[in-house]
Amino acid sequence: MKIYCVGGAVRDELLGLPVKDRDYVVVGATPEEMVQQGFKPVGRDFPVFLHPRSHEEYALARTERKTARGYHGFEFRAAPDVTLEQDLARRDLTINAIARDAEGRLIDPHRGADDLKAGVLRHVGPAFAEDPVRVLRVARFAARYGFRIAPETMALMREMTRNGEVDALVPERVWQEVARGLMEARPSGMFEALRECRALARVMPEVDTLWDGPETAAAAMRALDSAAQSGATLPARFATLARHLVPLAAEALANRLKAPADCRDLALLAARHANTILDAVELDAGSVLELFNTVDAWRRPERFAELITASLAGEPDAGPARERLERALKAAAAVNAGEIAKAAKDPAAIRGGVDAARLEAIRLALEKRE
């Protein structure tokens, strides 16, 4: 039995990045031998085990064979005679097909270390085309590292799009990769890569339409990267993208990806109200109150803060609009709605009284600085 550290841990070590998780490949062992040594089996499709103390994943070396369309159509074979080189050959990119043995020596049959130095994303072999998720993963790695995609890999990704392999992706799997890509340092790289290989029109056609106007696409990507640089949350980043779409398209995108409720709701608010927030320096007190009421800023102040972030990301001179809205909301939120409710006789009077008090608070707050 021989054990090798593989994949992302080796890749990130070579890049000088912190390693979060380590995965291992075990060569020359059977499932029974792993269990005898205290490993806990967790794999459903192929033998994967958790180390009894570190709880890191140890997978038996395996090969795979395509049996059906899509990313579920695979047959795996894990046996003691499967070599490390065979296991590495089934991986997606050369930079992910590097192993390190117990003595610290690199095993790099596909020259992934050279591609790391050159900043290139290159597929290992023709088996890459058998799994459409790899198109999304390459795009996500482009967003993470800023690496260029090798011409032959881009050509293969285009062929996978053209022959319909990408169409086999289910929304949940697309969202999983898109969400991870949105949280990378430069998320625009993911959308640009998907656009270049023509997969964007298949998995997110609403976003692809942004390139109908190059200036719109450039602005959307610039805003998205700005949101990432500010440390925005996933809902805020998704909403930053959606704000450049008409509301119907933003809703269609969220539904297509089956985005979580917090991402979907914020995206729709951004699509509907981003322009109003962008023009906040021109709004009178009544318009500001209407905005607060419409987006339920009273009960959801944290979401409203994310909406401001999504609406103003990448915009020059956005500070005054943000400061004006935050000042107005703070003043209006200080209104004692409970006291007004005690003095009112019916629900309509309560709503009217609270709105009137909030309007006056907003007016005074805006006039105080103007």
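**Exercises on strands and helices**

F49 stands opposite Y58 in β5. The model in which this pair is found is predicted.

**Exercise 1.** Determine which strand is joined to β4, by how many bridges, and in which direction the two run.

*Solution.* Step 1: locate β4 at residues 48–50 and β5 at residues 57–60. Step 2: count the bridges between β4 and β5; there are three. Step 3: compare the directions; β4 and β5 run antiparallel. In general, strands of a sheet pair through backbone hydrogen bonds, either parallel or antiparallel.

**Exercise 2.** State the strand order of the open sheet and identify its edge strands.

*Solution.* Step 1: the seven strands follow the order β3-β4-β5-β2-β1-β8-β9, and their pairing is mixed. Step 2: β3 (40–41) and β9 (106–107) each pair on one side only, and these are the edge strands.

**Exercise 3.** Describe how α16 and α17 are arranged and what kinds of residues form their contact.

*Solution.* Step 1: the axes of α16 (residues 301–312) and α17 (residues 319–333) come within 11 Å and cross at roughly 165 degrees. Step 2: angles over 145 degrees count as roughly antiparallel, and therefore α16 is roughly antiparallel to α17. Step 3: the crossing of α16 past α17 is right-handed. Step 4: from α16, F304, I308, T309 and L312 meet A321, R322, L325, E326 and L329 of α17. Step 5: sorted by kind, the residues of this contact comprise six nonpolar, one polar and two charged.

Notes:
Residues are numbered from 1 along each chain as its sequence is written. This is a predicted model: local features need pLDDT of at least 70, side-chain atom pairs count only at pLDDT 80 or more; totals for chains, interfaces and linings use all residues. Side-chain values use heavy atoms; hydrogens and water are left out. Two strands pair if DSSP finds at least two bridges between them. Helices (H or I, at least four residues) and strands (E, at least two) are DSSP runs, numbered from the N terminus. Axes are lines fitted to C-alpha atoms, for helices over the stretch in contact, and angles run from 0 to 180 degrees between N-to-C directions. Angles under 35 degrees count as roughly parallel, over 145 as roughly antiparallel, 65 to 115 as roughly perpendicular and the rest as oblique. A crossing is left-handed if the near helix is turned anticlockwise from the far one by less than a right angle, and right-handed if clockwise. Contact means heavy atoms within 4.5 Å. Ala, Val, Leu, Ile, Met, Phe, Trp, Tyr, Cys and Pro count as nonpolar, Asp, Glu, Lys and Arg as charged, and the others, Gly among them, as polar.
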